[in-house]
Each structure stands twice: as structure tokens, then as C-alpha cells.
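This report is written for a reader who is meeting this protein for the first time. Please look over the sequence and the model before reading on.

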Amino acid sequence: MIIGINASMLDEMEFAKTLPLVKQEKQGCFEFLFFEYNGHTLIASVCGTGKVSAAANAQTLILAYKPDLMINMGTAGAVSFHVKNNDVVVATQSVQHDFNVSEFGFGKYELVELGKVYLECDEKFVNAARKVVKDNNLRAHFGTVCSGDHLILRREQREHLIAEFDGYAGEMEGAAVGEVCALNGVNYALLKGISDGDSVGENASEEFRSNIGSVAEILTGVFLKVLEEI
């Protein structure tokens, strides 16, 4: 299987620092790193921060390499108050919480080109992740990841995403990758590690800096184990 992976920062893809690099290519403004693992060809790239950067990167990867599956991985902030720092969140679906053209007759949060609000994640990946979580007794959650071009830090922001979407985690790239994949007919998955949320916004930047290393290590462990199951 050809699997595309992107993340906003290289530090969020710890596996790219440990697996042997097969080759490296540049397409447009993006660098693509090639690895082999468990019979899969992995094509990893740093997409940058936010929905536009993530979408541009995903579209470039899809056009150049035609992956069977696209995975966006990396850090996220907690939305659900049951989700804690260093937990893993595997998306069953994603939503763009800052997209709304309902004044023009569309549903609230409905993606115009797709005619839907939620973007369902690859069932095979999700089921494999459930097995990995169970077999390794990991602290993980399965549910909706909410994407938008601003940070979700305050209690009232989190309560809004819980009320609207039953959100588990908030970040800035995943649903954009999901929309690009849906438009191109490519399956996608989101694998997120919680870097901040325990302080409910009071010390989010300190939490992020303190936890990114441990989150990346946890994500890589889960990621590689899931690849062994799919």
C-alpha cells in the first residue's frame, strides 16, 4: 500500500527520524520523504500550519504519488474534558468548525462541494487502531476531530465544539486533508496526540512545548503498530 502522511511539523512525525530514508523528492514547495515499513511505501511531508497549507500539501502528494491512504498526524488540543495530555485521539470523522455559508442556503458547517458536514475516516485504519489500543492497553479515544484556523483554548470554545459536534480534539489541518481526499476519492485517517488541554488554556503554550516530545513518541508507536495491522 502507498500511504501518504503529512503533519504540520517534522517533530510530529518521529518515525521520519528513525526509519531508514529511501529517497527524498521535491514537488513544488514541498519535500517528500520516502520510507518502507511492513510492506508499505510511506511518503511523508511537512505541510505547515493551517488548513490551506495542509490542503495544498495533500493535493500535491495525491497528484504526484497517488496514495491509497492519506494520514494526517500530529499534535492537537483537547476538546472533550475527558481527553487529557498525552492521550491519543483517532478520528472516526472530522469537521471544519469554522466553515459556515448557511446564509446562502446551505446547512451550517456544510461543505459546499461535498454536500456534507462530516468527513468519515477510513474504517480499516480506525478498526486497526482500535485493536492496537486494546492490545497495548493505551489511553485513547475515538471520535470527532474539529479543524479550524484558530486555536481552541478557552473553556467556552471547547464547550461549543462539544455541543455542536461532540468533539474530542481540536487542531488546524485534519479536516482540510479530509476534504481534499474526499474530492480526489482517496481514503484518509487522522491520528492525533494531545499536547495541551489540561490547563484549559491557562498555560497552553507551556503545555505544548513540554509535551510535544512525548506525544510524538506515543504517536509513532501507535502509527507503526497500526501499519502492521492494515
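## A cluster of rings

In this predicted model, Phe15, Phe35 and Phe223 are joined into a cluster by ring pairs. The structure as a whole holds six aromatic pairs.

## Pairs around Phe165

Tyr109 and Phe165 form an edge-to-face pair, because their ring centres are 4.7 Å apart and their planes stand at 70°. This pair links distant parts of the chain, since Tyr109 belongs to the loop between β6 (88-96) and β7 (119-120), while Phe165 belongs to helix α4 (residues 155-165), 56 residues away. Both Tyr109 and Phe165 are buried.

Phe165 also makes an edge-to-face aromatic pair with Tyr118, with 6.3 Å from centre to centre and 85° between the planes. Tyr118 lies in the loop between β6 and β7 and Phe165 in helix α4, so this pair ties together parts that are 47 residues apart in sequence. Tyr118 counts as partly exposed, at 24% relative accessibility, whereas Phe165 is buried, with a relative accessible area of 4%.

## The overall fold

The secondary structure of the protein comprises six helices and ten strands. A compact globule of 230 residues would have a radius of gyration near 17 Å, and the 16 Å found for the protein agrees with this. Among contacts with a separation of 6 or more, 75% are between residues 24 or more positions apart.

## Surface and charge

Of the 230 residues, 53% count as buried, and the accessible surface comes to about 10000 Å², with 50% of that surface belonging to carbon and sulfur atoms. The protein has 19 positive and 32 negative charges, whose mean positions are 3 Å apart.

Conventions:
Residues numbered from 1 in each chain as written. Predicted model: local features only at pLDDT ≥ 70, side-chain atom pairs only at ≥ 80, totals over all residues. Heavy atoms only, no water. Helix = DSSP H or I, 4+ residues; strand = E, 2+ residues; numbered from the N terminus. Rg over C-alpha atoms; globule rule 2.2 N^0.38 Å. Buried < 20%, exposed > 50% of the residue type's maximum accessible area, 1.4 Å probe, protein only. Contact = heavy atoms within 4.5 Å. Areas by Shrake-Rupley, 256 points an atom, 1.4 Å probe, with all protein chains shown as cover. Lys, Arg positive; Asp, Glu negative; His and termini not counted. Charge placed at Lys NZ, Arg CZ, Asp CG, Glu CD. Phe/Tyr/Trp six-rings, centres within 6.5 Å; stacked < 30°, edge-to-face > 60°.
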